[in-house]
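Trainee: Could you take me through one part of this model in detail? I would like to look closely at a single sheet and the loop beside it.

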Amino acid sequence: MIVCIAVVGHQNNPLYLQSFTEADDALKLHHIVHCSLDVIDERVNNPKKTGPTLNETFLGLLYPTENYKVYGYLTNTKVKFILVTTDLDVRDADVRNFFRRFHSAYVDAVSNPFHVPGKKITSRTFAERVSTIVKSFGLSTAV
Amino acid sequence: MVGREVSESCVDSMIIEMVSSYCDRFCSAKPELAARRIEAIGYQVGLQLSERYTMERPRFSDHLEAIKFICKDFWSELFKKQIDNLKTNHRGTFVLQDNRFRWLTRMSIDPSETNANTSDDPSVATTESKSAQSASMHLYFPCGIIRGALTNLGIPCAVSADMSNLPACSFVVRIKA
Amino acid sequence: MAPLAPRTGDAVFANVERVNAELFTLTYGAIVRQLLTDLEEVEEVNKQLDQMGYNIGIRLIDEFLAKSNVSRCVDFKETADVIAKVGLKMFLGVTASVTNWDVDGTSCSLVLEDNPLVDFVELPDTCQGLYYCNILSGVIRGALEMVSMKTEVTWVRDMLRGDDAYELRLKLLKQVPEEYPYKDDE
């Protein structure tokens with residue numbers, strides 16, 4: 001289950017953060033997201049470690065904690081997406097598919113002429129789309 | 001919404017009207033202010049387009065790669081052709097030349113407008129300078145688009161246009177250190 | 001007799017130069033946002049968008065007449081149909097349905113399910129009085145004036161304001177055949 005999804009701007013300013021669980025407290029999830037930013041910076045600044053996936057937007061598993069797996073994605077416009085899940089057996093393809101759909105929702109949200117770049121995303125349409133994408137995580141694997 | 005199209009004349013006439021509204025009505029007698037506003041509109045468009053057009057591609061590893069993206073894919077999306085010539089001084093200045101810039105060939109030489117403007121002084125020189133003036137006002141919009149796109153890709157810069165060889169047009173990108 | 005007006009604009013739209021709508025949509029959005037910043041009053045923005053549309057309409061009508069094979073329409077009813085099925089299609093790639101005619105055939109509604117101006121748009125609470133698509137009503141008013149129909153075009157429904165469709169009310173005020181149309185924008 002996805003417990004949290006975050007969008008973070010190029011100056012590490014939070015643009016969107018949504019948790020999907022009652023069980024974990026917000027502070028803990030914030031902390032995880034925060035820590036993952038450092039991991040992303042580390043990955044991007046030392047690209048050798050990632051080998052063939054150099055410059056790919058999908059950054060893969062950032063780090064596992066006891067209860068979570070944290071995945072990252074970095075757009076060409078330096079915006080970070082972070083996915084926190086409690087699933088232990090996660091297929092790479094599912095995570096990639098998730099980020100692809102999420103990215104598309106994000107791009108539409110910032111295409112709203114009233115969205116102010118660098119400010120939080122307040123769009124209701126975006127929140128609904130994200131909720132749909134989160135719910136269908138891991139379900140569309142038949143293809 | 002995917003693949004939605006509109007007629008090109010919709011885009012053309014909207015841009016023409018935007019430019020003339022700012023020059024003649026909202027900021028008349030203040031051409032610098034009009035220019036800034038037109039550039040700002042382009043900037044927002046460039047910012048948003050760069051998000052959309054880079055969606056399915058790996059991140060750029062350096063400035064040159066991002067500039068090449070603007071010259072090829074980005075330009076093709078907007079104008080159905082690529083930039084014809086890219087030059088650089090290797091010190092942060094890039095010159096993007098379009099030999100037949102679509103928005104100038106389709107828009108700027110509007111004889112009716114030019115005639116109207118020069119009815120009191122029908123000298124050829126005035127006609128040419130008026131038309132050049134209106135063309136240069138139009139170019140603030142694509143300059144803003146380029147600056148918005150590059151800035152959003154992590155490359156803060158200043159962009160100006162040179163149209164001394166019409167209908168060719170050069171966009172000069174100066175990257176800020 | 002004038003040739004029959006085409007019943008759809010599909011063929012015309014297929015033949016005009018087309019570009020992807022994103023540039024159009026985003027440019028319009030950026031214009032609206034900049035106008036809101038510069039003019040401050042939402043009412044004034046509505047007025048200016050309508051004026052911009054009017055100026056566009058009086059120019060686009062020539063291209064429309066040249067490319068659509070539509071000659072003079074017999075009456076206002078036919079005109080409304082041509083706008084809905086051919087005009088909107090030729091420029092924006094969408095069509096509208098024509099409904100709610102009044103008894104004397106001088107006012108009707110154009111109903112659009114969607115249009116490329118509003119893709120991605122969500123109005124903030126501070127802009128509730130904004131008629132976001134007001135440029136469109138101006139275009140129609142301007143174009144009709146060039147074919148000697150003085151009209152009033154207003155928004156009745158707007159999905160950005162929570163309605164279930166976009167509805168434009170067209171009201172024919174005066175039809176002046178063969179009279180040279182003057183601009184009234186000053």
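Mentor: Happy to! In this predicted model, chain B holds an open sheet of four strands, ordered β2-β3-β5-β4 and paired in antiparallel fashion. The edges are taken by β2 (85–88) and β4 (157–162) of chain B; each has a single partner strand, so one side of each is left without a neighbour in the sheet. Going from one strand to the next, the twist averages 20°.

Now look at the pairing of β3 with β5. Strand β3 (residues 93–98) of chain B runs antiparallel to strand β5 (residues 169–175) of chain B, and six bridges join the two. If you want a place to start in the viewer, pick Asp98(B): the residue opposite is Cys169(B) in β5(B).

From there, move to the loop between β2 and β3 of chain B, where you will find His90(B).

Asn100(C) sits in the loop between β2 (97–99) and β3 (107–112) of chain C. Asn100(C) is a residue other than glycine too, and its phi is positive, near 55°. With 12 C-beta neighbours inside 10 Å, Asn100(C) also counts as exposed.

Note on methods
Residues numbered from 1 in each chain as written. Chains lettered and ligands numbered in written order. Predicted model: local features only at pLDDT ≥ 70, side-chain atom pairs only at ≥ 80, totals over all residues. Pairing = 2+ DSSP bridges. Axes fitted to C-alpha atoms, helices over the stretch in contact; angles between N-to-C directions. Buried ≥ 20, exposed ≤ 12 C-beta atoms within 10 Å, placed from the backbone.
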